[in-house]
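Hello,

Here is the structure for you to open. My notes on it follow below.

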Amino acid sequence: MDKYLVIGNPIEHSKSPFIHQQFAQASNQVISYGKKKLELEEFASFIKMFQRDGGKGCNITVPFKEVAFKLADELSDRAKAAGAVNTLILNEDGSIIGDNTDGQGLVGDLQNHQVEITNQRILIIGAGGAARGCILPLAKLKPKEIVICNRTVEKAQQIVTDLDSHIDIPLSSCALSDVSGTFDVIINSTSASLSNHLPAICSEVIGSAKCCYDMAYGDSETCFMIWAKDLGVKQTIDGLGMLVGQAAESFRLWRNVTPATEDILQTIRSQL
Ligand code: NDP
């Protein structure tokens, strides 16, 4: 039986084993998919051991996405752009391929919600791995422009420096306090919602959006979604669909089958 793992720290609450088992069942495949908590210094040797034992792939979550990036022998373009890896493909010849499916998960979820990106002004709040990973997939949909703002403005500037030459739409950065004007779609890629905090952005900017997307999710609407709704934003979406979408893209890479996501998304939401 082909073996897969999700690796992180903490990892207890990961939904990946459940999601992948559902994908496997729905496509009549038998796989084993477990979760493993590691310390940073154990990561590389554990992956090699898992691969020698017949492991076929891993999903990688916080705080290992950057070490997974360094460990891979070969990287997809989207992993290179993200500077982070959330999916490892472990080949039988011992080689390791690193990919990043987060951006695809986000774009797929936006499309499932009929959120228009083409020709729209997009604001991304946050400049961590998740923000980096979504720039290329979003840019492929030809928005009018993408602005990245971050609490630590240098990190947003660095993303623009690294990715500007890879895309053909205007990409710029600024500090949270300097964001002004109107945006069609605002994507919160900060981890602020996880601690019930809001990014320090002017309310008028948030209220100008047609859609506000929060990559975070929980058993109820995130504080960012509630804030946006209170400011009159018509469409607010959490990151659960992105989670299932990135998993589906990993499953496709490993199993060459694109799983349906709608039913599993509803099941997971009902279990939150
Ligand atoms: P990182 O740790 O790489 O980045 C965190 C970002 O959040 C940084 O830009 C940081 O700013 C910012 N931030 C944290 N707290 C605050 C705050 N109080 N106010 C303003 N900005 C803040 O994390 P990732 O990029 O990997 O993940 C970010 C979020 O996206 C997390 O909530 C994660 O759970 C979610 N995510 C969801 C996925 C899904 O499938 N739904 C997939 C991947 C991520 P600074 O640089 O200044 O520290």
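Helix α1 passes helix α11 in a right-handed crossing (the near helix is turned clockwise from the far one by less than a right angle). Helices (H or I, at least four residues) and strands (E, at least two) are DSSP runs, numbered from the N terminus. The axes of α1 (residues 16–26) and α11 (residues 262–271) come within 11 Å and cross at roughly 150 degrees. Axes are lines fitted to C-alpha atoms, for helices over the stretch in contact, and angles run from 0 to 180 degrees between N-to-C directions. Phe18, Ile19, Gln22 and Phe23 of α1 meet Ile264, Thr267, Ile268 and Gln271 of α11 (contact means heavy atoms within 4.5 Å).

The model is predicted: local features need pLDDT of at least 70, side-chain atom pairs count only at pLDDT 80 or more, and totals for chains, interfaces and linings use all residues. Residues are numbered from 1 along each chain as its sequence is written, and side-chain values use heavy atoms, without hydrogens and water.

Now the sheet. Six strands form an open, parallel sheet in the order β9-β8-β7-β10-β11-β12. Strands pair if DSSP finds at least two bridges between them. β9 and β12 (235–237) are at the edges with a single partner strand each, so one side of each has no neighbour in the sheet.

β8 (residues 145–150) and β9 (residues 171–175) pair over five bridges. Cys149 stands opposite Cys174 in β9. β7 (residues 121–125) and β10 (residues 185–188) pair over four bridges. There, Leu123 stands opposite Ile186. Helix α7 packs on the sheet and touches β8 and β9.

Best wishes
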